[in-house]
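Let's take a walk through this protein together.

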Amino acid sequence: MTTTLATDRGEHTATPVLPTAEARLTLRPLPTGDARITGGFWALRQQRNGRDAIRGAHALLEAAGNFRNLRIAAGLEEGEAVGPVFMDSDVTKWLEAVAWEYGRAPSDDLLALQREVTTLYAQAQADDGYLDSVQQIRGKGERYTDLKWSHEMYCAGHLYQAAVAQHRATGDDALLQVAIRNADHLVRTFGDGPGQTVDVDGHPVVEMGLVELFRETGTRAYLDLAHWFVDARGHGIIERAGGEPTYFSDRVPTRQATTVEGHAVRAVYLAAGAVDVAIETGDTELLAASERQFADMMATKAFITGGLGARWDWEAFGDPYELPTDRGYAETCAAIGGVQWAWRLLLATGKPVYADAIERLLYNAFLAGVSLGGTEYFYVNPLQQRDHAHQDENRSPAHGRRGWFDCACCPPNIMRTFASLDGYLATATDGGLQVHQYATASLGVVEVETGYPHDGRVRITVTEDGPLALGLRIPAWSDTTTVTGPDGSASPAAGTLHVIDREWSAGDTVELTFDTTPHRYVADARIDAARGQVAIERGPLVYAVEQADQQGFTVDDLTVDPAAPITEAHRDDLLDGVVTLRVPGHAPAEHVQPAWPYRRLDGPGGTDRAGEATSVDDVAGSADATTGLPAAREVTATAVPYYAWANRGAAPMRVWLPLAR
């Protein structure tokens with residue numbers, strides 16, 4: 001058999017990232033139509049995303065005023081622009097989702113939606129290629145006067161990604177022509193050449209968009225401009241314009257940075273674009289810098305879910321190991337950007353660590369951001385929700401999942417990720433196929449069947465005769481893995497790519513069995529918010545204790561035993577079918593509120609607010625005479641996958657569980 005690369009066929013691949021034949025890569029995306037999720041866990045999410053979320057979003061965008069802004073800019077209506085300055089980007093992310101969904105499941109109604117909104121974009125575009133409806137209306141002819149905040153090129157970047165998706169998935173080049181005219185305008189306007197403007201957008205993404213547009217059209221000027229934008233960072237452009245450089249990823253030049261900082265989504269989008277540039281230009285220094293930054297991020301600035309961004313203030317990364325549980329931000333868009341960055345690093349290097357990161361981000365940080373039904377969302381994904389929590393912020397999980405937001409970047413971002421998810425499962429090399437994410441799917445010359453992520457068994461069937469180097473990612477979390485195939489059994493090490501290189505016959509099978517035993521994890525001692533607590537993982541899934549599953553105690557009062565056996569229960573009737581975990585622990589016989597919530601560690605006594613000695617009984621009611629803590633009783637907590645929390649209402653939840661003393 002021959003595993004043919006997309007570039008060898010001269011075809012377009014319905015995938016968001018399609019490097020050129022000259023790109024410096026270790027792995028490549030699969031050829032046209034070769035990657036398709038056909039059943040199981042992800043197929044259900046894709047079905048709901050396409051049927052309900054993507055189709056329903058057209059009305060939501062109309063109600064929010066996004067389409068009306070474009071009609072005003074096109075001269076079809078009169079009025080003032082509404083919404084944030086980046087309203088166009090919500091539309092183009094949705095258009096990208098429409099394109100990938102059409103490629104996945106073609107239908108006339110999707111094609112009609114695509115053509116309707118694409119026509120509107122073409123009508124709104126200025127004669128010289130400029131396009132940003134809010135700025136065209138509010139700016140009264142002014143352009144690029146406040147790029148640190150205006151998002152004009154951010155909107156352009158998402159336009160390019162949508163146009164490429166549309167061309168690859170449907171063959172329609174109408175939006176591609178709009179994108180080309182706009183990109184040509186940017187090429188004429190920005191750079192350090194005669195008559196050009198030396199400036200960068202405050203929100204990266206145009207870099208990824210320009211590189212993908214170069215890949216689709218072959219116009220080298222787009223790649224060169226993306227390279228210039230990446231290297232222009234960190235030289236004071238935004239600071240001289242009055243912007244805080246750390247927030248905008250502009251404090252340190254991209255190739256000199258050792259970590260990520262500032263606004264989390266901005267930082268990971270810029271990093272992903274830098275890898276695109278490095279791949280296409282052979283810039284090994286830039287690639288090495290990106291690998292260094294990714295490693296530091298995962299080591300010091302990522303939640304156990306993979307979530308990115310510690311602070312509500314400025315939606316930003318915090319200091320190393322600053323990872324609060326109840327006030328962690330972990331924006332859904334940052335998780336998506338993390339997947340995009342890791343995918344590009346996987347293509348560039350072939351290192352399994354990036355596929356492991358994609359898995360953690362997808363199942364935990366990304367998936368928690370959308371309801372099981374697919375049409376309600378979280379913007380923010382903390383690891384703890386307290387009882388009686390109340391926050392005024394519209395985006396707070398305390399309000400429950402929302403159908404849309406005033407800043408609606410996350411919903412269409414989720415839609416396009418689900419619709420294009422097939423492309424993240426596997427890669428190809430000459431004569432080789434590498435399976436990185438396990439799902440029931442058709443992947444070129446193999447078929448995959450699995451109950452993953454709840455079941456650790458995977459069956460892969462080869463469908464053609466011939467030689468093939470079949471690579472299988474062995475997850476870092478699986479202590480013991482058994483791979484059984486035509487040549488017998490093997491036990492490859494965790495965190496590796498196990499390759500079976502042989503002559504295959506159609507019908508040959510390989511069976512993988514991963515160890516999904518639940519394990520408790522402790523955090524690095526420098527992560528103050530998680531000290532003295534454990535988190536539980538089973539397979540690729542992080543678990544949470546949610547109030548809806550507990551009887552007779554509150555989540556806030558729970559402490560767990562550090563070594564008691566955790567038992568499993570398969571619940572097909574719960575949350576679309578999950579494996580629940582029963583975790584032994586303790587809770588107070590009654591919930592008490594002491595007059596002063598602090599106690600001496602070296603004795604049972606304490607002091608009240610006035611500094612007068614009080615007895616433990618006075619403070620806490622019935623108490624343990626040794627520890628001075630309220631008397632506890634044994635309980636069994638039920639844990640569910642973190643991604644499924646808040647699908648039964650917003651209630652107390654926590655991932656990090658305090659240890660019983």
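**Sheets, cysteines and a loop**

Start with the open sheet of seven strands, whose order is β2-β6-β7-β8-β13-β10-β11 and whose pairing is antiparallel. At its edges stand β2 (35–37) and β11 (488–490); each has a single partner strand, so one side of each is left without a neighbour in the sheet. On average, neighbouring strands here are turned by 15° against each other, direction ignored. Keep in mind as you look around that this is a predicted model.

Now zoom in on one pair within that sheet. Strand β7 (residues 446–450) and strand β8 (residues 457–462) run antiparallel and are joined by five bridges. As a reminder, strands of a sheet pair through backbone hydrogen bonds, either parallel or antiparallel.

There's another open sheet to find, this one of five strands in the order β1-β4-β5-β9-β12, and its pairing is mixed. The edge positions go to β1 (28–29) and β12 (496–504), each with a single partner strand, so one side of each lacks a neighbour in the sheet. Helix α16 (residues 352–366) packs on this sheet, where the helix touches β9 (466–474) and β12. The direction of α16 makes about 60° with that of β9. Elsewhere in the sheet, β4 (residues 426–429) and β5 (residues 432–435) run antiparallel, with four bridges between them. Look there for Ala428, which stands opposite Leu433 in β5.

On to the cysteines. How many disulfides does a search of the whole structure find? The count is zero. The cut-off for a disulfide is a pair of cysteine sulfur atoms within 2.5 Å. As for solvent, Cys409 counts as buried because its relative accessibility is 8%, and Cys410 is buried too, with a relative accessible area of 0%.

Last stop: a loop. Gln551 sits in the one between β16 (541–546) and β17 (559–560). Is Gln551 buried or exposed? With a relative accessible area of 67%, Gln551 is exposed.

Note on methods: Residues numbered from 1 in each chain as written. Predicted model: local features only at pLDDT ≥ 70, side-chain atom pairs only at ≥ 80, totals over all residues. Heavy atoms only, no water. Pairing = 2+ DSSP bridges. Helix = DSSP H or I, 4+ residues; strand = E, 2+ residues; numbered from the N terminus. Contact = heavy atoms within 4.5 Å. Axes fitted to C-alpha atoms, helices over the stretch in contact; angles between N-to-C directions. Buried < 20%, exposed > 50% of the residue type's maximum accessible area, 1.4 Å probe, protein only.
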